[in-house]
Amino acid sequence: MVNLVAAQKPLLHGLMKMAGLRPQMVEIEPGTTMSFWVPSETIKKAKKKRKAKKPVVVLVHGFAAEGIVTWQFQVGSLTGKYAIYIPDLLFFGGSISNRTERSPEFQTECLVKGLKKLGVDTCTVVGFSYGGMVGFKMAELHPDMVKYLVVSGTNPALSDSLSDETMNRLGISSSSDLLLPTSIKGLKALLKVAMHKKLWFPDCLFKDYLEVMFNNRKERGELLENLDNTKKNITIPNLTQKVHLLWGEEDHIFNMEIAQSLKGQLGDNATLQSIKKGGHLVHLERPCVYNRLLKAILASLHTATTQQ
């Protein structure tokens, strides 16, 4: 029987290509390879070592889906003015490693190496959930590369935001139970807490999604285990870059209280905007509003740069 989610991938790939992006595999080191969708000009100019004329924006996905699935509604809105790079983090999509490291630092260093091999020197990082945490780490460790940071539904201590109350209400005992569902019931629970709108999908679609999007379960479980083991030692980084928090007001995983606390801890360099009737997956639930605000944020950031 045809897997409906897998069957849609060629269509999604076609939409990416229509937007001017092309797939590219990058060897980070022997045994570690990352997949990217990059501007077609990047591939054409690779041998000539010419820099991108447009400002570079890197879109970093969350834990439940690979890059282009997460950002499918944003790409077409951004490619006109920005050079868009969409990575698959290690153990998502086509990215894989034979290394045993599972820390956010290792994930970050591999992404930075991949971007540099693609000719990216500076960029704005837009991160969602787990991708936002990686974005924070990139900004902290590589301030010369990351000029600005825009994040949604995230916290540098990702699993620390899954409160006992939330887990009890969902009937789960750990972050892995929520973020790595093994059943249709578990995936429905994740969708329920991640979206403000209550949507219905047939069980066969949930089954197909589980088969396609949750590969490398062992390695992803180890990523979460590493976060659980280190969360008590994680502090909010003291960043020099401007950080914009773009939040869904009905996010029940990383709620507005977390967003406001994060803004306060980040200090004067941070700003916060919220989107009504948007949950954790606000970029998918309310893409028109999200895209409008994101484009305004990016325009203001890059306009300020050119005026300096």
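User: Which way do α5 and α6 lie to each other, roughly parallel or roughly perpendicular?

Analyst: Take the helices (DSSP runs of H or I, at least four residues, numbered from the N terminus). The axes of α5 (residues 104-117) and α6 (residues 130-141) come within 9 Å and cross at roughly 75°; axes are lines fitted to C-alpha atoms over the stretch in contact, with angles from 0 to 180 degrees between N-to-C directions. Angles of 65 to 115 degrees count as roughly perpendicular, under 35 as roughly parallel, over 145 as roughly antiparallel and the rest as oblique. So α5 and α6 are roughly perpendicular.

User: What pLDDT do local features need in this predicted model?

Analyst: Residues are numbered from 1 along each chain as its sequence is written, and side-chain values use heavy atoms, without hydrogens and water. The model is predicted: totals for chains, interfaces and linings use all residues, side-chain atom pairs count only at pLDDT 80 or more, and local features need pLDDT of at least 70.

User: How many charged residues are in the contact of α5 with α6?

Analyst: Contact means heavy atoms within 4.5 Å. Helix α5 brings residues including Glu105, Leu111 and Leu115, while α6 brings residues including Tyr130, Lys137 and Met138. Asp, Glu, Lys and Arg count as charged; Ala, Val, Leu, Ile, Met, Phe, Trp, Tyr, Cys and Pro as nonpolar; the others, Gly among them, as polar. By class there are nine nonpolar, two polar and three charged residues.

User: Which residues touch the most other members of the largest nonpolar core?

Analyst: A nonpolar core is a set of buried Ala, Val, Leu, Ile, Met, Phe, Trp, Tyr and Cys residues joined through side-chain atoms within 4.5 Å. Buried means under 20% relative accessible area, exposed over 50%, partly exposed in between (1.4 Å probe, protein chains only). Among the 92 residues of the largest core, those touching the most other members are Tyr85, Ile86, Leu111, Leu115, Tyr130 and Met138.

User: Which helix gives the largest share of this core?

Analyst: The core holds 92 residues. Seven come from the helix with the largest share, residues 287-307, which is α14.

User: Which backbone oxygen does the side chain of Asn3 reach?

Analyst: Asn3 is found in the segment before α1 (4-18). Asn3 counts as buried because its relative accessibility is 14%. At 3.3 Å, its side chain reaches the backbone oxygen of Asp208.

User: What is the relative accessible area of Ser40?

Analyst: Ser40 sits in helix α2 (residues 40-45). Leaving out residues up to four places away in sequence, Ser40 touches Gly20, Leu21 and Arg22. Ser40 is buried, since its relative accessible area is 14%.

Methods. Helices (H or I, at least four residues) and strands (E, at least two) are DSSP runs, numbered from the N terminus. A polar contact is a pair of N or O atoms within 3.5 Å; within protein, one must be able to donate a hydrogen and the other to accept it, and residues adjacent in sequence count only if both atoms are side-chain atoms.
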